[in-house]
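The following note sets out points for a colleague who is reading the model alongside its sequence. Please take the points in order.

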Amino acid sequence: MSGLTIAVHHVRAALGGARRLGIDTAPLLQGAGIPPLLLADDRARVTAEQFTRLIRALHQATDDEFLGLGPVPSRRGTFAMMCHACLGCPDLGSALDRATRFYRLFPGGPDLAVALRPDDGPAVLTVRSALHRHDEAAFLAACLLLIWHRLAGWLIGRRIPLHWAQFAHPAPAHADEYPALFGCPVHFGAPYTAAGWDAHWLTAPVVRDQPALAALLRRAPADLLGRRDYGTTVAEQVRRSLAQALRSPAPARLPEAGEIAARLAVSPATLRRRLRAEGTSYQRLKDTVRRDAALTALTAGREPIAALAARIGFSEDTAFHRAFRRWTGTTPGAYRMAGAIPRPGEAPRPGEAPPSGPSGPPVPRGQQK
């Protein structure tokens, strides 16, 4: 999965349906390795792996692939059967048509449509939601659009660059994260939720088979939520260059803005202007890549904080501590201690107390999206 981290806003929205159903969410959070107290901090974030474990646990606890957020439940296994139905299609257009017709057989299924605009315009995937709560509607709409777009790319074995994405709900507090998720310009307050891509992708042949689908479902939703190697915006190209630099042997040396501009064959002023047009900057992208790498490392293991600071390009521990407090409102050590929850079936780390209450449900495999 990508090293991208997930804002706590998404975690709270994902839990909304389970809470309305009267399900105790604390064991689900603990089973995913997410400290329940983290939800009270608007600046908190979780790793993609933690979020995936939570979604799987919510699927099982609610017996609903829409996590209790839709107008009616969608039983686990519905998404898998839809995928099986798509494999026999000759091309992506017919596969998406079959998928949308499949879901319309069920009450409360997602209102999805793929249509061609006139005058040789782009193909447009639309998603409509019957939800009225703003935060949960925004979360479910974004997840559905994300998963269906990435499923389309998976079916043909190609990345499908999006030209744009738009959402019917107003811009949320974390709106600046959406361009990185979708790899394209994103707009809010639109008449409906949709995304557009070149129509020629609809004629691409479906290349996946039953073994490939079985592998996808075993890893779901990780592969569909975490797959994001687009590179279709300037911001994403800069982010990818910075992330690649962090994978080099420590200590990392992140490229300066001028170096990245040269790689993209533009002037530094042009790079700044294009990033500004996409609602970001080189420094913001640099901070985001470092922050996500730090949070992932602190959650995953016991790498010394000084070594982590050097690995992500800080020359001094104090500079890393200041930056981390600015990103999260706490220190690296406190964040690591707050996240020290063993996974289900895992013994507590030396010197740690076991988690209180149940350890959470086992992670289901291959039964849901």
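How many aromatic pairs does a search of the whole structure find?

1. The search finds 13 aromatic pairs. Rings of Phe, Tyr and Trp (its six-membered ring) pair if their centres lie within 6.5 Å; planes under 30 degrees apart count as stacked, over 60 as edge-to-face and the rest as tilted. One of the pairs is that of Phe167 and Phe188, which is stacked, at 5.7 Å centre to centre and 25° between the planes. This pair links distant parts of the chain, 21 residues apart: Phe167 belongs to strand β5 (residues 164-167) and Phe188 to strand β6 (residues 186-188). Helices (H or I, at least four residues) and strands (E, at least two) are DSSP runs, numbered from the N terminus.

2. The model is predicted, and local features need pLDDT of at least 70, side-chain atom pairs count only at pLDDT 80 or more, while totals for chains, interfaces and linings use all residues. Residues are numbered from 1 along each chain as its sequence is written, and side-chain values use heavy atoms, with hydrogens and water left out.

3. Phe167 is buried, at 0% relative accessibility, whereas Phe188 is partly exposed, with a relative accessible area of 22%. Buried means under 20% relative accessible area, exposed over 50%, and partly exposed in between (1.4 Å probe, protein chains only). Tyr178 and Phe182 form another stacked aromatic pair, 6.3 Å centre to centre with 20° between the planes. These two residues are four apart in helix α7 (residues 178-182), so about one helical turn separates them. Tyr178 is buried, with a relative accessible area of 1%, and Phe182 is buried with a relative accessible area of 1%.

4. Ring pairs also join Phe314, Phe320, Phe324, Trp327 and Tyr335 into a cluster. Over the ring of Phe314 sits the charged end of Arg290, 4.0 Å from the ring centre; the criterion is NZ of Lys or CZ of Arg within 6 Å of the ring centre and within 35 degrees of the ring normal. Arg291 lies in helix α13 (residues 282-300) and is buried, with a relative accessible area of 13%. Not counting residues up to four places away in sequence, Arg291 touches Thr5, Arg45 and Trp327, contact being heavy atoms within 4.5 Å.

5. How many disulfides are there? The count comes to zero, a disulfide being a pair of cysteine sulfur atoms within 2.5 Å. The sulfur of Cys83 has its closest cysteine sulfur in Cys86, 6.3 Å away, which is too far for a bond. Cys83 is buried at 2% relative accessibility.

6. The largest nonpolar core has 74 residues, and those with the most contacts inside it are Met82 and Phe182. Helix α6 (residues 134-156) supplies the largest share of this core, 15 residues. Another core, of 30 residues, lies apart from it and has among its members Ala235, Ala297, Ala309 and Trp327. A nonpolar core is a set of buried Ala, Val, Leu, Ile, Met, Phe, Trp, Tyr and Cys residues joined through side-chain atoms within 4.5 Å.

7. In helix α12 (residues 268-277) the buried residues are Thr270, Leu271 and Leu275. Seen down the axis of α12, they fall within an arc of 130°, so they line one face of the helix; the arc is that of the directions from the helix axis to the C-beta atoms. On the other side of α12, Arg272, Arg276 and Ala277 are exposed. The cover over the buried residues of α12 includes α10 (234-246), α11 (257-263) and α13.
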